[in-house]
Amino acid sequence: MSGSQSLPPALRPRCSICGANLTAWANRNLMPGVEVRTAPVDDRMEYQLRLLGVSAQTRCSRQYTDVHGVNVFHVCGAGHIYFVRNEYVGISARMPVAESKVDLVAILGSVAAGKSYLTVRTLNQSLARPYGSGWLSVAANPGKVVESRPLSMLESEYDLMRGTGQPMQATQLDSMLPIQFLRDIHPGLVADMTTLIGEATHRPGLQNAAWLSTIRQPVVRRYAIGETEMMLAVADLSGETFDSASRLRDGAAESQHTLMLHKLAEFDTLVWAVDPAVSTEFISWGASGDETLVASTRPEGLRRDLRQVQTNREGNQSYVADLLADSNELNRDSAWRQRLVVVITKSDLLDEALASGRQLSELGEEGAVLEAMVSNLRYLLDKAAANDPRWQFSRDPQTAQLFRRLSLRNRTSREAALGQFATALLEHFSKRDAFWALVHTGTPMVIDVPEAEPAVDHPPYVVRLGSIKDYLELSLMEADRGALNMHDIVMSTLACGIAGGLGFGGEVATMLNQSQRTVMFSLCSPFGGVPKMRPAQEDSIELRGSSRVFPLRKDRSAGLVQLHLHLLRRCLA
């Protein structure tokens with residue numbers, strides 16, 4: 001028995017989280033999927049297991065009963081578990097929806113780049129639409145207990161950090177691996193699964209195999225978007241996976257790294273969290289003292305060796321940049337549809353530098369920021385002109401007018417128009433209040449674009465950015481359905497420039513030339529302020545300023561709202 005022919009048509013042949021074949025019987029190196037039926041019995045979770053494609057073979061925990069109904073989950077051969085349907089006595093209660101979509105997201109970056117903070121704060125940003133007709137409805141639905149546990153754990157860690165100042169725990173290599181996660185659900189679950197699979201596939205030694213130890217159980221969030229149901233599965237990848245020192249010390253880490261490289265091409269979206277706190281260019285340019293940098297980098301008791309920690313992590317970050325720029329490493333048959341979102345996290349450190357009088361144009365090598373900004377504008381202009389189906393731009397008058405201004409036939413005039421707009425953005429967002437409004441507060445602004453030579457071709461004009469509420473309204477209009485608008489163009493252009501200033505100009509240029517991916521850039525500050533070490537408490541942090549309290553998970557931050565919406569854009573479009 002092989003393939004998906006034995007499955008009912010309603011069941012997907014592949015895992016909704018990692019794409020693994022759910023009925024991998026022909027390949028002895030792969031594990032078939034398992035249907036897990038769970039039911040609460042006396043405050044415990046009891047279960048029945050059935051191999052997908054073989055309805056006759058089952059195993060149950062001792063007190064399992066379905067008399068009150070069950071939740072049905074699938075567990076793929078890699079161990080990822082996700083909800084499929086509810087069943088009540090005599091009734092299969094899969095909720096009828098017009099369409100169901102899944103987007104697989106991997107967040108990668110160096111150690112302590114802030115990926116977990118970015119994940120938990122972004123997924124808690126409300127995308128509630130205005131009341132009335134004409135807008136898409138975006139509602140985050142609570143997942144089932146088993147499936148929603150990774151996000152719940154992250155949220156609990158964040159809430160604990162708010163109360164105690166203790167930083168969230170580092171995302172360790174074995175944290176939330178499928179084998180650990182499944183054992184936590186019920187102590188007998190993994191043993192029964194391996195026995196069931198071993199007997200059916202004639203592999204009695206399965207218990208000793210390196211199984212369930214690849215990509216960890218992702219954070220799952222479900223949405224109802226109009227008439228569409230969507231599942232966002234976010235793999236918050238451990239920074240140690242990309243740490244060469246960890247891989248040299250630990251053979252398991254090297255094995256997981258190899259598996260990770262193979263799996264990354266199967267994700268729909270890659271989010272690269274860029275940490276400015278470990279960048280040589282930022283350290284030379286910024287205004288952050290050691291107290292702030294220690295709180296931002298979390299050197300884990302190596303405070304006296306902060307510079308060495310920064311050097312090591314900068315190497316890890318550079319490795320990730322090279323990996324993403326090397327299309328051969330991640331190029332697979334499906335890579336053409338992959339999206340890459342480059343996020344400059346900890347942007348509060350940039351805000352602190354601007355408040356001290358720094359200018360964005362001075363970040364990194366001379367001209368690096370402006371050059372990368374022009375490259376991004378050229379990239380977006382080319383995509384709009386090519387009518388690439390992967391790109392949709394808003395039809396609002398201001399966005400359309402900007403593209404007309406930039407789309408001059410003469411190449412020299414077109415480059416001058418791109419430089420005119422990029423220079424205006426660079427000067428405008430070197431003002432601290434404007435930068436922080438884009439990244440965090442989401443207040444409206446007016447951007448003056450001065451004339452450029454020759455003035456007859458490049459007269460002055462004005463660009464208006466509404467509030468983050470205005471941005472949501474425009475993005476969720478039925479007429480545009482998530483198309484990129486002026487806010488997205490400005491954010492991506494500025495963030496791309498900062499990535500260039502942080503030393504990634506070459507890698508960014510290569511990414512923008514990759515035909516198999518779409519690339520966007522973003523600026524975010526999950527903390528909404530600059531952290532510092534608490535006096536006399538070296539293992540605790542707080543925010544600078546009068547409140548000192550970190551934001552609630554759901555507190556709105558403009559950059560995080562934009563990122564959240566962008567992760568859902570494939571479904572919105």
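Lys469 is partly exposed, because its relative accessibility is 49%. Its side chain meets that of Glu473 in a salt bridge, 2.7 Å from N to O. Both residues lie in helix H16 (residues 468-475), four residues apart, about one turn of the helix. An α-helix has 3.6 residues a turn, so residues three or four places apart point the same way.

This is a predicted model. The count of salt bridges in it comes to 18. Some of them share partners: Glu35, Arg37, Arg50 and Glu87 are joined into one network.

Two other pairs link separate parts of the chain. Arg544 and Glu291 form a salt bridge through their side chains. Arg544 sits in the loop between strand E17 (537-543) and helix H18 (558-567), and Glu291 sits in helix H8 (residues 290-297), so this pair ties together parts 253 residues apart in sequence. Arg544 is partly exposed at 36% relative accessibility, and Glu291 is partly exposed at 32%.

Asp351 pairs with Arg432 in a salt bridge. Asp351 belongs to helix H11 (residues 348-355) and Arg432 to helix H15 (residues 432-441), so the pair ties together parts 81 residues apart in sequence. Asp351 is buried, with a relative accessible area of 4%. Arg432 is partly exposed, at 35%.

| Salt bridge | N to O distance |
|---|---|
| Glu473 and Lys469 | 2.7 Å |
| Asp351 and Arg432 | 2.8 Å |
| Arg544 and Glu291 | 3.4 Å |

Next, the nonpolar cores. The largest has 142 residues, and Trp272, Phe421, Phe429, Ile498 and Leu523 have the most contacts inside it. Helix H17 (residues 486-512) gives the largest share of this core, 14 residues. A second, separate core has 21 residues, including Val34, Ile179, Leu182 and Val190.

Now helix H4 (residues 189-201). Its 13 residues should span 18 Å at 1.5 Å a residue, and its end C-alpha atoms are 18 Å apart, which agrees. Is H4 enclosed by the rest of the structure or open? Largely enclosed, because 10 of its 13 residues are buried. Leu189, Met193 and Ile197 are among the buried ones. The buried residues of H4 pack against strands E1 (34-41), E2 (44-51), E3 (58-60) and E4 (70-75), and against helix H3 (178-185). After H4 comes His202, with a positive phi near 60°.

Last, the cysteines. The structure holds zero disulfides. Cys76 is buried at 1% relative accessibility, and Cys496 is buried at 0%.

Methods. Residues are numbered from 1 along each chain as its sequence is written. This is a predicted model: local features need pLDDT of at least 70, side-chain atom pairs count only at pLDDT 80 or more; totals for chains, interfaces and linings use all residues. Side-chain values use heavy atoms; hydrogens and water are left out. A disulfide is a pair of cysteine sulfur atoms within 2.5 Å. Buried means under 20% relative accessible area, exposed over 50%, partly exposed in between (1.4 Å probe, protein chains only). Helices (H or I, at least four residues) and strands (E, at least two) are DSSP runs, numbered from the N terminus. The expected span of a helix is 1.5 Å times one less than its number of residues. Contact means heavy atoms within 4.5 Å. A nonpolar core is a set of buried Ala, Val, Leu, Ile, Met, Phe, Trp, Tyr and Cys residues joined through side-chain atoms within 4.5 Å. A salt bridge is a side-chain nitrogen of Lys or Arg within 4 Å of a carboxyl oxygen of Asp or Glu.
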